[in-house]
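Work through the exercises below with the sequence and the model side by side. Try each task before reading its solution.

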Amino acid sequence: MCETIEKKKVLSCIQPSGMLTLGNYLGALKNWKMMQEEFDCTFAVADLHAITVRQEPAKLRSQIYSTYALMLALGLNPEKSTLFIQSHVPEHSQLSWLLSCNTQFGEMSRMTQFKDKSAKHADNVNVGLFSYPVLMAADILLYKPDFVPVGADQKQHLEIARDIAERFNRLYGDVFTIPEPYIPKTGARVMSLQDPEKKMSKSDDNTNAWVAILDDRDTIIRKFKRAVTDSGSGVIMSDEKQGISNLITIYSAVTGKSVSETEKEFDGKGYGDFKLAVGEVVADELAPIREKYNELITDKSLLEKYFREGADKAEKVARKTYFKAMKKVGFVI
Ligand code: TRP
């Protein structure tokens, strides 16, 4: 059989923070789906990470379900990949303790996300917020992935996971694989539709600034029609035309056409035509995901079947790595 060549392993997680946007989709999730064909993939809903900021229990619960349902709706296949919920595999928290005791206060203090988030939530600078990257290191290292796809904002956390792994291996012997960041060929950085200098974010008060993966067709097209552009003309990628450049990025990420193909396609066309075209391709791309999601979210027992099976599969791998680490440190197991 030709299946003897082992596939490289990939791991990534996503927080259950409610509405996912077109930015999340084009920047990360669309790539997860493509990676599933080439790699042995493990994807999780990072629910433990979510409570580093205050959450309302009922809302958190529903967001965990909806994020998991969305992973399936995107086309991630539980037969091919391991799809689970982080808190269902206790080894994440357990390994996190071992790693915490091998991580320095100084290293964690340098994390820019901690600095940003503690400024933003000054009334709740909890210890979990501080040690968040250690839990993330545990998420990663338990599964020995070769690659971890992460956005720019998580790169520093991946680097610290590598440092922690290297240090642990040096002190106790070889346990962890040192993961590489995975920079997708087509990963797009999607900017706000209202202020193209800012990243598209669901926390933007102006809902016209972002498109949710689950927005309906009319809403999507309306938001693109209202997208802010300069007063010039010409569908051309350029630093002076950030609004149009953002729309070109989106169009080419969705259709797979290159920037120059896109520029050629819309040569001589006005901004209005182009905005409508972008809205339409985005709406077409997201429609089947929304339909599948709507089906799945009402079928809690099916979701549960998948996430229990996913957790079983994940835990088999996680337990092995965790016990090896425990043993190396000197615990009686
Ligand atoms: N911290 C990541 C984020 O907020 C989510 C995450 C948790 C993650 N554990 C991970 C990403 C492990 C990659 C690998 O986006």
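The structure shown is a predicted model.

**Exercise 1. Locate Val211 and decide whether Val211 is buried or exposed.**

Step 1. Find the position in the chain: Val211 sits in the loop that runs between strand E5 (180-182) and helix H9 (217-225).

Step 2. Look up the relative accessible area, which is 0% for Val211. Buried means under 20%, so Val211 is buried.

Step 3. List the partners. Leaving out residues up to four places away in sequence, Val211 touches Leu20, Thr21, Leu22, Leu193, Met200, Ile220, Lys223, Phe224 and Leu286.

Step 4. Val211 and Ile14 are 197 residues apart in sequence, and their C-alpha atoms are 18 Å apart.

**Exercise 2. Describe how H1 and H12 pack, and name the residues that meet.**

Step 1. Identify the helices: H1 covers residues 22-38 and H12 covers residues 271-297.

Step 2. Take the geometry. The axes are 12 Å apart, and the angle is about 75°.

Step 3. Classify the angle. Values from 65 to 115 degrees count as roughly perpendicular, so H1 and H12 are roughly perpendicular to each other.

Step 4. Name the residues. H1 contributes Leu22, Tyr25 and Lys30, which meet Val282, Glu285, Leu286 and Ile289 of H12.

Step 5. Sort them by class: this contact of H1 with H12 has 5 nonpolar, no polar and 2 charged residues.

**Exercise 3. What surrounds Gln36?**

Step 1. Gln36 belongs to helix H1.

Step 2. Its relative accessibility is 3%, so Gln36 counts as buried.

Step 3. Beyond neighbours within four places in sequence, Gln36 is in contact with Cys41, Gly75, Leu76, Asn77, Lys80 and Ser81.

**Exercise 4. Examine Lys144 and Pro149.**

Step 1. Lys144 lies in the loop between helix H7 (127-141) and strand E4 (147-149), and Pro149 is part of strand E4.

Step 2. Check the exposure of each residue. Lys144 has 25% relative accessibility, so Lys144 counts as partly exposed. Pro149 has a relative accessible area of 10%, so Pro149 is buried.

Step 3. Check the backbone of Lys144: phi is positive, about 45°, although Lys144 is not a glycine.

Step 4. List what Pro149 touches, again leaving out residues up to four places away in sequence: Val10, Leu11, Ser12, Trp32, Met35 and Tyr182.

Step 5. Pro149 and Pro184 are 35 residues apart along the chain, with their C-alpha atoms separated by 7.4 Å.

**Exercise 5. How is the chain divided into domains?**

Step 1. Domain 1 consists of 9-187 + 300-329, and domain 2 of 207-294.

Step 2. The contact takes 13 residues from domain 1 and 15 residues from domain 2.

Step 3. The C-alpha centres of domain 1 and domain 2 lie 31 Å apart.

Key: Residues are numbered from 1 along each chain as its sequence is written. This is a predicted model: local features need pLDDT of at least 70, side-chain atom pairs count only at pLDDT 80 or more; totals for chains, interfaces and linings use all residues. Side-chain values use heavy atoms; hydrogens and water are left out. Helices (H or I, at least four residues) and strands (E, at least two) are DSSP runs, numbered from the N terminus. Buried means under 20% relative accessible area, exposed over 50%, partly exposed in between (1.4 Å probe, protein chains only). Contact means heavy atoms within 4.5 Å. Axes are lines fitted to C-alpha atoms, for helices over the stretch in contact, and angles run from 0 to 180 degrees between N-to-C directions. Angles under 35 degrees count as roughly parallel, over 145 as roughly antiparallel, 65 to 115 as roughly perpendicular and the rest as oblique. Ala, Val, Leu, Ile, Met, Phe, Trp, Tyr, Cys and Pro count as nonpolar, Asp, Glu, Lys and Arg as charged, and the others, Gly among them, as polar. Domain bounds come from an automatic or database domain assignment.
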